[in-house]
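Here's a quick briefing to read alongside the model. Grab your viewer and follow along.

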Amino acid sequence: MGDATTQRELTAGEKAVGLTFNPSGDERVQKLKELFAQAFDIVEQSVSADDGTEKTARKRKMRDAALHEIVTAQMWTVKVITLKD
């Protein structure tokens with residue numbers, strides 16, 4: 001991981017996928033974590049303000065489910081790449 005990431009606050013997505021944790025140093029793992037972190041951040045920002053409407057509440061629930069699935073998918077993809085037969 002580059003110096004730029006270590007000199008700034010991690011985004012919510014980078015924290016959620018554990019961007020700084022890659023003990024194997026595998027470039028594929030790093031790339032996947034970066035991509036999933038970007039997806040997480042895009043979805044996480046999709047509900048910017050809660051206006052108290054039912055639509056916003058529903059959208060927040062869908063957003064939360066999507067964030068959960070992004071992290072789950074990231075973990076499984078890293079597992080596939082790093083699994084030793």
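**A buried loop residue, and the rest of the fold**

Asn 22 counts as buried, because its relative accessibility is 16% and the cut-off for buried is under 20%. Keep in mind that this is a predicted model. The chain has four helices and zero strands, so along the sequence the pattern reads α-α-α-α. Of its 85 residues, 26% count as buried.

**The loop around Asn 22**

- Asn 22 sits in the loop between helix 2 and helix 3.
- Setting aside residues up to four places away in sequence, Asn 22 touches Val 29 and Gln 30.
- Asn 22 and Lys 33 are 11 residues apart along the chain, and their C-alpha atoms are separated by 9.4 Å.

**How helix 3 and helix 4 pair up**

- The axes of helix 3 and helix 4 come within 10 Å and cross at roughly 175°.
- That crossing angle makes helix 3 roughly antiparallel to helix 4, because angles over 145 degrees fall in that class.
- By class, the contact between helix 3 and helix 4 has 13 nonpolar, three polar and four charged residues.
- On the helix 3 side, the residues involved include Arg 28, Val 29, Leu 32, Lys 33, Phe 36 and Phe 40.

**The nonpolar core**

- The largest nonpolar core has eight residues: Val 17, Leu 19, Phe 36, Ala 37, Phe 40, Leu 67, Ile 70 and Val 71.
- Helix 3 (27-44) and helix 4 (54-82) each supply at least two residues of this core.
- Val 17, one of the core residues, touches Lys 33, Phe 36, Ala 37 and Gln 74, once residues up to four places away in sequence are left out.

- How far apart should the ends of helix 4 be? With 29 residues at 1.5 Å a residue, helix 4 should span 42 Å, and its end C-alpha atoms are 42 Å apart, so the two agree.
- The buried residues in helix 4 are Thr 56, Arg 63, Leu 67, Ile 70, Val 71, Gln 74 and Val 78.
- What covers those buried residues includes helix 2 (12-17) and helix 3.
- Gln 74 is worth a click: its place is in helix 4, and it counts as buried because its relative accessible area is 4%, against a cut-off of under 20%.
- Beyond its neighbours within four places in sequence, Gln 74 is in contact with Val 17, Lys 33 and Phe 36.

**Helix 2 and its reach**

- Ala 12 is found in helix 2.
- Is Ala 12 buried or partly exposed? With a relative accessible area of 35%, Ala 12 is partly exposed, because that class lies between the 20% and 50% cut-offs.
- Ala 12 and Phe 40 are 28 residues apart along the chain, yet their C-alpha atoms are separated by 7.7 Å.
- Ala 12 is in contact with Phe 40 and Asp 41, leaving aside its neighbours within four places in sequence.

**Contacts across the chain**

- Among contacts with a separation of 6 or more, residues 24 or more positions apart account for 48%.
- The pair of Ala 12 and Phe 40 is a handy one to look at here, being 28 residues apart along the chain and in contact.

Definitions and conventions:
Residues numbered from 1 in each chain as written. Predicted model: local features only at pLDDT ≥ 70, side-chain atom pairs only at ≥ 80, totals over all residues. Heavy atoms only, no water. Core = buried A, V, L, I, M, F, W, Y, C linked by side-chain atoms within 4.5 Å. Buried < 20%, exposed > 50% of the residue type's maximum accessible area, 1.4 Å probe, protein only. Contact = heavy atoms within 4.5 Å. Axes fitted to C-alpha atoms, helices over the stretch in contact; angles between N-to-C directions. Parallel < 35°, antiparallel > 145°, perpendicular 65-115°, else oblique. Nonpolar A, V, L, I, M, F, W, Y, C, P; charged D, E, K, R; others polar. Expected span 1.5 Å × (residues − 1).
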